[in-house]
Amino acid sequence: MSVLNRRQDPRGRRVLVTGASGTIGRALGERLTAAGAHVLGLDLRPGGDEPFPVLRCDVTDDDSVAAAVAEALAALGGLDVLVNNAGTGGPAPAEHAPGAEVRRQLEVNLLGTWRTTAACADALVAARGRVVMVTSRMAVLQLPLAAAYGASKRAMVAYADALRLELGTHVGVSCVYPSAVRSPIHDSTAAAGLSLEGMSVYEPLEGVLDAITGAAFATRPPRDVTTTRKGAVEFFLARHLPALTDRIVARTLRRRAAAGALDGAALAAGVVARHRATR
């Protein structure tokens with residue numbers, strides 16, 4: 001039996017989920033609530049119809065995080081598990097100077113995670129709890145034209161590594177690496193003509209929920225958790241054979257550019273022109 005299969009009972013456990021009104025957060029909160037956990041969510045725009053309480057919280061604002069976390073901890077009576085799920089994406093080619101879009105993704109994905117975790121740290125230490133970081137396959141395997149997302153998620157993993165070293169005597173810290181899940185997070189990228197179609201394969205939401213739940217309640221907290229067999233292979237190759245994964249991604253991009261998949265996308269104009277120049 002694997003470590004992830006040996007799980008603690010979620011009943012009665014106090015769980016805080018960020019990004020709780022989005023695709024993954026809402027489904028996770030619903031699953032854990034049904035399993036008997038005491039779940040409370042944080043979200044910038046609570047829907048109001050989630051099957052568990054969700055507080056409004058802007059993870060890019062220090063005061064908002066401090067107030068929302070304090071209210072959440074008071075309501076829960078402490079904290080056993082923090083799931084850092086809040087995240088955002090969007091087009092951001094590496095060749096362009098960083099602007100508002102890049103800053104937004106870093107603020108939400110990296111600094112929002114940092115703010116929330118720091119606000120919960122004392123409660124997690126007291127409970128000998130867990131932190132689960134919902135990162136991304138792109139934390140280890142970068143895709144083109146989305147530099148801000150990959151950089152923010154890779155930095156999120158670095159933050160998790162530091163947190164593990166500092167709190168590891170009392171708090172387990174796990175990183176979960178989903179690939180793409182169909183959700184509104186991809187809408188702005190698609191609107192810019194840079195759809196993930198052809199560069200990435202969407203995976204089932206249930207597998208992501210299984211991985212997060214397994215990390216949160218495994219008897220021994222795992223360090224890194226992939227969500228599919230394909231994801232596990234990609235994770236291994238990206239970690240141990242990065243030059244190979246670079247060639248695979250570059251070849252896929254070259255084929256997409258040659259097929260005209262990026263034509264008309266202003267942010268990809270440089271990529272398209274350089275690939276056409278090498279024919």
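Buried means under 20% relative accessible area, exposed over 50% and partly exposed in between, for a 1.4 Å probe and protein chains only. The structure is a predicted model, in which local features need pLDDT of at least 70 and side-chain atom pairs count only at pLDDT 80 or more, while totals for chains, interfaces and linings use all residues. Residues are numbered from 1 along each chain as its sequence is written, and side-chain values use heavy atoms, with hydrogens and water left out.

**View 1. Cys 57 and Cys 120, two buried cysteines.** Cys 57 has a relative accessible area of 3%, and Cys 120 has one of 0%. With a disulfide taken as a pair of cysteine sulfur atoms within 2.5 Å, the count is zero. Cys 57 is in no disulfide, the nearest cysteine sulfur being that of Cys 120, 9.4 Å away. For Cys 120, the closest cysteine sulfur is in Cys 57, too far for a bond.

**View 2. Helix 3, residues 100-127.** Helices are DSSP runs (H or I, at least four residues), numbered from the N terminus. Helix 3 has 28 residues and spans 38 Å from its first C-alpha to its last, close to the expected 40 Å (1.5 Å times one less than its number of residues). A kink of about 50 degrees is centred on Ala 121; the bend is the angle between axes fitted to the seven residues ending there and the seven starting there. Arg 128 follows helix 3 and has a positive phi, near 50 degrees.

**View 3. The crossing of helix 1 (residues 23-34) and helix 6 (residues 205-217).** Their axes, lines fitted to C-alpha atoms over the stretch in contact, come within 10 Å and cross at roughly 60 degrees.

Methods. Helices (H or I, at least four residues) and strands (E, at least two) are DSSP runs, numbered from the N terminus. Axes are lines fitted to C-alpha atoms, for helices over the stretch in contact, and angles run from 0 to 180 degrees between N-to-C directions.
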